[in-house]
Amino acid sequence: MSTSLTTCEWKKVFYEKMEVAKPADSWELIIDPNLKPNELGPGWKQYLEQHASGRFHCSWCWHTWQSANVVILFHMHLDRAQRVGSVRMRVFKQLCYQCGTSRLDESSMLEENVEGLVDNLIASLRQQCYDEDGGQYRIHVASRTDSGLHRSEFCEACQEGIVHWKPGEKLLEEEATYTDASKRKGQAGFISNFFSFRWCLFWGALCLVIVYLQFFRGRSSFF
C-alpha cells in the first residue's frame with residue numbers, strides 16, 4: 001500500500017469518527033515522518049500506540065511479514081478558543097530481515113485495525129485535550145501469531161530508544177490479573193454469604209428461644 005493511500009485511509013477514518021465525537025470542533029490529521037517522542041511544544045500532548053498490528057512489504061526483495069509490534073506516535077494540540085485541533089502522526093518503519101537492505105519499509109493495515117487504532121487515539125485525545133473520560137482502550141493483536149521474538153535491530157522505533165512490549169504478553173498479564181481479581185471476588189462473596197447464613201441461623205434460633213420462653217412463662221402463670 002502506498003503512502004498516499006495509507007494517509008488517505010487514516011484521514012478518512014479519523015475525520016469520520018471525530019465528526020461524531022466532537023462535531024463542534026475542527027480537527028486535522030497530519031502525517032509527520034520526523035516526529036520525535038517526548039519532544040513537545042507548549043500545549044501539545046502525546047499518545048504512543050505500542051502494539052499495533054501491521055503487515056510490511058519489502059520494496060527490494062518483495063518479502064512480506066506480519067508484525068504485532070508496530071509503533072505509532074501521535075502529538076495532539078487543541079486551541080480551545082478557536083475550537084481547532086491538530087494531530088501529527090508517525091508510523092515507525094521496519095527493516096527487512098530477509099535481504100538485509102538498509103531501506104526502511106512502511107506498514108499497511110487492515111481497515112478494521114485502523115478504525116480500532118483511531119478509537120484509541122480519540123480516547124487519549126478526549127482525556128488529554130478535553131479532560132474527559134476517554135473510555136476503554138482496545139488492544140490490537142496481529143491476525144497471525146508472531147513467528148518469534150521481536151527483533152529490535154530491524155525496528156525503527158527500537159533504534160530511536162522507544163521500548164515497547166509484545167501485545168500477547170500484555171494480554172496474558174491482563175487475563176491473569178482479571179482471573180486473580182475474579183477469584184478474590186468469588187472468595188469474598190463466599191465468605192460474605194457464609195457469614196450471612198450463620199447470622200440467619202443465629203437470629204432464627206434466638207427467635208425460637210424467645211417464643212419458647214414466652215410460651216413456658218404463660219403456662220407457668222396458668223398453673
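Visitor: Which residues touch the most other members of the largest nonpolar core?
Guide: Trp-10, Trp-27, Ile-72 and Val-87 do, in a core of 28 residues. A nonpolar core is a set of buried Ala, Val, Leu, Ile, Met, Phe, Trp, Tyr and Cys residues joined through side-chain atoms within 4.5 Å, and buried means under 20% relative accessible area with a 1.4 Å probe, protein chains only. This is a predicted model: local features need pLDDT of at least 70, side-chain atom pairs count only at pLDDT 80 or more, while totals for chains, interfaces and linings use all residues. Residues are numbered from 1 along each chain as its sequence is written, and side-chain values use heavy atoms, leaving out hydrogens and water.

Visitor: What is Val-87 in contact with?
Guide: Skipping neighbours within four places in sequence, its contacts (heavy atoms within 4.5 Å) include Phe-14, Trp-27, Phe-74 and Leu-121.

Visitor: New topic: how many disulfides are there?
Guide: Zero, searching the whole structure; a disulfide is a pair of cysteine sulfur atoms within 2.5 Å. For Cys-58, the nearest cysteine sulfur belongs to Cys-61, 3.7 Å away.

Visitor: And why does Cys-58 count as buried?
Guide: Because its relative accessibility is 0%.

Visitor: What does the pLDDT average?
Guide: The average is 77, with 69% of the residues scoring at least 70; pLDDT is the predictor's confidence in each residue, from 0 to 100.

Visitor: Where is the pLDDT below 50?
Guide: Residues 141-147 are one such stretch, and residues 167-182 are another.

Key:
Buried < 20%, exposed > 50% of the residue type's maximum accessible area, 1.4 Å probe, protein only.
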